[in-house]
Amino acid sequence: MEKLMNILMEIDDSIDYEKEKALIDGRLLDSFGVITLVSELEEAYDIDIEASEMTPDNFNSAEAIYKMVVRLQEN
């Protein structure tokens with residue numbers, strides 16, 4: 001989770017990722033931020049994030065992002 005938090009802070013350090021639950025729905029991360037995040041996650045965790053995974057449910061919070069990463073690593 002620490003690696004994920006570091007990636008998120010590099011994208012936008014003004015967001016409280018530990019508490020925020022609406023990164024997408026609240027428009028805190030824009031499309032460029034999401035694309036950057038996906039690229040960073042794929043590289044850092046050696047996973048492939050398909051377009052079907054790019055839903056608000058998977059990206060609205062750091063916890064949701066981490067759960068997706070763990071699930072994709074298990075596949």
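Predicted model: local features only at pLDDT ≥ 70, side-chain atom pairs only at ≥ 80, totals over all residues.

Biologist: What does the UniProt annotation say about residues 1-73?

Modeller: The unreviewed UniProt entry annotates residues 1-73 as "domain: Carrier". Its positions are given in the numbering used here, feature names are shortened, and annotations may be inferred rather than shown by experiment.

Biologist: How much helix and strand is there over residues 1-73?

Modeller: That stretch is 56% helix and 0% strand. Its end C-alpha atoms are 14 Å apart. Helices (H or I, at least four residues) and strands (E, at least two) are DSSP runs, numbered from the N terminus.

Biologist: On to charges. How many salt bridges does the count come to?

Modeller: The count comes to 3 salt bridges. The rule is a side-chain nitrogen of Lys or Arg within 4 Å of a carboxyl oxygen of Asp or Glu.

Biologist: Why can side chains pair like that?

Modeller: Side chains of opposite charge can pair when their charged atoms come close.

Biologist: Which side chain does Lys21 meet in a salt bridge?

Modeller: Lys21 meets Glu63, at 3.8 Å from N to O. This pair links distant parts of the chain, 42 residues apart. Lys21 is in the loop between α1 (2-11) and α2 (31-45), and Glu63 is in helix α4 (residues 62-74).

Biologist: Is Glu63 buried, exposed or partly exposed?

Modeller: Glu63 is partly exposed, with a relative accessible area of 41%. Buried means under 20% relative accessible area, exposed over 50%, and partly exposed in between (1.4 Å probe, protein chains only).

Biologist: And what about Lys67?

Modeller: Lys67 also forms a salt bridge with Glu63, the closest N and O atoms being 3.3 Å apart. The two are 4 residues apart in helix α4, so about one helical turn separates them. Lys67 is exposed, at a relative accessible area of 53%. Salt bridges link Lys21, Glu63 and Lys67 in a network.

Biologist: Which residue does Glu53 form a salt bridge with?

Modeller: Its partner is Arg71, with the closest N and O atoms 2.8 Å apart. Here too the pair links distant parts of the chain, 18 residues apart. Glu53 is in the loop between α2 and α3 (56-59), while Arg71 is in helix α4. Glu53 counts as buried at 14% relative accessibility. Arg71 is partly exposed, with a relative accessible area of 33%.

Biologist: New topic. Where is Asn60?

Modeller: Asn60 is in the loop between α3 and α4. At 9% relative accessibility, Asn60 counts as buried.

Biologist: What does the side chain of Asn60 reach?

Modeller: It reaches the backbone nitrogen of Ile24 at 2.9 Å. A polar contact, also of 2.9 Å, joins the side chains of Asn60 and Asp25. A polar contact is a pair of N or O atoms within 3.5 Å; within protein, one must be able to donate a hydrogen and the other to accept it, and residues adjacent in sequence count only if both atoms are side-chain atoms.

Biologist: Which residues is Asn60 in contact with, leaving aside neighbours within four places in sequence?

Modeller: Asn60 is in contact with Glu20, Lys21, Ala22, Leu23, Ile24 and Asp25. Contact means heavy atoms within 4.5 Å.

Biologist: What about Ser61?

Modeller: Ser61 is in the loop between α3 and α4. Ser61 counts as buried, at 8% relative accessibility. Its side chain reaches the backbone nitrogen of Ala64 at 3.0 Å. Leaving aside neighbours within four places in sequence, Ser61 is in contact with Glu20, Lys21 and Leu23.

Biologist: Which ring does Lys3 lie over?

Modeller: Lys3 lies over the face of Tyr45, at 4.7 Å from the ring centre. A charge sits over a ring if NZ of Lys or CZ of Arg is within 6 Å of the ring centre and within 35 degrees of the ring normal.

Biologist: Last one. What is phi of Arg27?

Modeller: Phi of Arg27 is near 60°, a positive value in a residue other than glycine. Arg27 is in the loop between α1 and α2, and is exposed at 74% relative accessible area. Asp46 has a positive phi as well, near 55°. Asp46 is in the loop between α2 and α3, and counts as exposed at 72%.

How values were computed. Residues numbered from 1 in each chain as written. Heavy atoms only, no water.
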